[in-house]
Amino acid sequence: MSAGPVYVLERRQRLELPLQRAFEFYAEARNLAVITPPWMGFEVITPGPIEMRPGALIDYRMKLHGVPLRWRTRIDVWEPPVRFIDVQVRGPYALWEHTHTFEPDGEHAVLIGDRVRYVMPLGPLGQIAHAAFVKRDLKRVFDYRERAVAERLQPEPAGT
């Protein structure tokens, strides 16, 4: 199976909270299920507590367009509280490399960054799938994720 071009998805989100709090939220692997759209039926299936460190393997179950799928990622880089990188070991992509970054923005805010490098499998067929729905689907997933992270991490307004 030949692979196609490398696509890149980048997002940045500013939240009014300490960098450490944002990193700790992302460092809990099971929180990924909380910030993934419900239509994906996403579930972390790795048993027990997951120790985040280089080499840690995390298994997931989900559905893409109704098709059940298993996905395994490995933490390749773990640099608390600045960044971590997870890569697909098994799953739907020929390459999936997701870099998460956390930068202070002033005294009371954090910039959360996502940079995903991915390659579709199946050469020209993968490129057609990317144009037809994968690019749009990833945008929807990360739009949802941005809202879900903000809802869970933003402090309550004063007086509520």
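Author: A polar contact is a pair of N or O atoms within 3.5 Å. The model discussed here is predicted.

Reader: With which side chain does the side chain of His100 make a polar contact?
Author: His100 has its place in strand 6, which covers residues 95-104. A pair of N or O atoms must lie within 3.5 Å to count. At 2.8 Å, the side chain of His100 makes such a contact with the side chain of Asp86.

Reader: Is His100 buried or exposed?
Author: Among the residues that His100 touches, leaving aside those up to four places away in sequence, are Tyr26, Phe84, Asp114 and Arg145. A residue under 20% relative accessible area is classed as buried. The relative accessibility of His100 is 4%, and therefore His100 counts as buried.

Reader: How are the rings of Trp71 and Trp96 arranged, stacked or edge-to-face?
Author: The count of aromatic pairs in this model comes to 15. For Trp71 and Trp96, the ring centres are 5.3 Å apart and the planes stand at 80°. Planes over 60 degrees apart fall in the edge-to-face class. The arrangement of Trp71 and Trp96 is therefore edge-to-face.

Reader: Which strands does the pair of Trp71 and Trp96 link?
Author: The two residues are 25 residues apart, so the pair joins distant parts of the chain. Trp71 is buried at a relative accessible area of 11%, and Trp96 is buried at 7%. Trp71 belongs to strand 4 (residues 67-79), and Trp96 to strand 6.

Reader: What kind of aromatic pair do Trp96 and Tyr118 form?
Author: Both Trp96 and Tyr118 are buried. Their pair links distant parts of the chain, with Trp96 in strand 6 and Tyr118 in strand 7 (residues 110-119), 22 residues apart. The ring centres lie 6.1 Å from each other, with 40° between the planes.

Reader: Which residues do ring pairs link into a cluster?
Author: Rings pair if their centres lie within 6.5 Å. Such pairs join the following residues into a cluster: Phe23, Phe25, Tyr26, Trp78, Phe84 and Phe102.

Reader: What is the accessible area of the nonpolar patch that includes Ile128?
Author: Ile128 lies in helix 3, residues 123-153. Its relative accessibility is 56%, and Ile128 therefore counts as exposed. Leu122 and Leu125 form the surface patch with Ile128, and together the three have an accessible area of about 320 Å².

Note on methods:
Residues numbered from 1 in each chain as written. Predicted model: local features only at pLDDT ≥ 70, side-chain atom pairs only at ≥ 80, totals over all residues. Heavy atoms only, no water. Patch = residues over 30% accessible without salt bridge, like charges linked within 9 Å, V, L, I, M, F, W, Y side chains within 5 Å. Areas by Shrake-Rupley, 256 points an atom, 1.4 Å probe, with all protein chains shown as cover. Salt bridge = Lys/Arg side-chain N within 4 Å of Asp/Glu carboxyl O. Helix = DSSP H or I, 4+ residues; strand = E, 2+ residues; numbered from the N terminus. Buried < 20%, exposed > 50% of the residue type's maximum accessible area, 1.4 Å probe, protein only. Polar contact = N/O pair within 3.5 Å; in protein donor to acceptor, adjacent residues only side chain to side chain. Contact = heavy atoms within 4.5 Å. Phe/Tyr/Trp six-rings, centres within 6.5 Å; stacked < 30°, edge-to-face > 60°.
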